[in-house]
Amino acid sequence: MDLGLRGNAVLLVGGTRGIGLATARLLGEEGARVVLIARDPAALEAAAAEVRAAGGEAAVIPRDATRRG
């Protein structure tokens, strides 16, 4: 499938498990540059590794997206 995402940046909150992780992998397969945001640094790194293994680029931001500031 080609969604035309190759080289585009995608910000994904909660991409470390379940549907979010599946989405992150798919975005990686499409060649997207994925920025993952979640609270657990270890889970973020594991998810980023999966995105990279799928062919995408990944960066992580350990952060609780429900909190302001």
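These entries record what I looked up in one predicted protein model.

**Entry 1. Conventions**

I worked from a predicted model, in which local features need pLDDT of at least 70, side-chain atom pairs count only at pLDDT 80 or more, and totals for chains, interfaces and linings use all residues. Residues are numbered from 1 along each chain as its sequence is written, and side-chain values use heavy atoms, with hydrogens and water left out.

**Entry 2. Overall fold**

I began with the secondary structure, taking helices (H or I, at least four residues) and strands (E, at least two) as DSSP runs numbered from the N terminus. The protein has 2 helices and 3 strands. Read from the N terminus, the order of elements is β-α-β-α-β. The radius of gyration is 11 Å, close to the 11 Å of the globule rule for 69 residues, so the protein is as compact as a globular protein of that length. That radius is taken over C-alpha atoms, and the rule is 2.2 Å times the number of residues to the power 0.38.

I then noted the extent of the C-alpha trace, which spans about 35 × 20 × 20 Å along its principal axes. The accessible surface (Shrake-Rupley method, 1.4 Å probe; for residues, only the protein chains shown count as cover) comes to about 4,400 Å², and 54% of it belongs to carbon and sulfur atoms. Of the 69 residues, 32% are buried. Here buried means under 20% relative accessible area, exposed over 50%, and partly exposed in between (1.4 Å probe, protein chains only).

For contacts I used heavy atoms within 4.5 Å. Among contacts between residues at least 6 apart in sequence, 55% join residues at least 24 apart.

**Entry 3. The helix pair**

I looked up how helix H1 (residues 18–29) meets helix H2 (residues 41–53): their axes come within 7 Å and cross at roughly 35°. Axes are lines fitted to C-alpha atoms, for helices over the stretch in contact, and angles run from 0 to 180 degrees between N-to-C directions. The crossing of H1 past H2 is right-handed, that is, the near helix is turned clockwise from the far one by less than a right angle.

From H1 the contact draws on Leu 21, Ala 24, Arg 25 and Gly 28, and from H2 on Ala 47, Glu 50 and Val 51. I sorted these residues into 4 nonpolar, 1 polar and 2 charged. In this scheme Ala, Val, Leu, Ile, Met, Phe, Trp, Tyr, Cys and Pro count as nonpolar, Asp, Glu, Lys and Arg as charged, and the others, Gly among them, as polar.

**Entry 4. Two buried residues**

Ala 47 lies in helix H2 and is buried, at 2% relative accessible area. Beyond four places in sequence, Ala 47 touches Gly 15, Thr 16, Leu 21 and Leu 36. Gly 15 is 32 residues from Ala 47 along the chain, yet their C-alpha atoms are separated by 7.1 Å.

Val 34 belongs to strand E2 (residues 33–38). Its relative accessible area is 1%, so Val 34 is buried. With neighbours within four places set aside, its contacts include Val 10, Leu 12, Ala 24, Leu 27, Val 51 and Ala 58. By contrast, I found Leu 3, 31 residues away in sequence, to lie 14 Å from Val 34, C-alpha to C-alpha.

**Entry 5. Two exposed residues**

Leu 11 lies in strand E1 (residues 9–13) and counts as exposed at 56% relative accessibility. Outside four places in sequence, Leu 11 is in contact with Val 35 and Ile 37. The C-alpha atoms of Leu 11 and Ile 37 are separated by 7.6 Å, across 26 residues of chain.

Arg 67 sits in the segment after strand E3 (57–62) and is exposed, at 62% relative accessibility. Arg 67 and Ala 49 are 18 residues apart in sequence and 26 Å apart in space, C-alpha to C-alpha.
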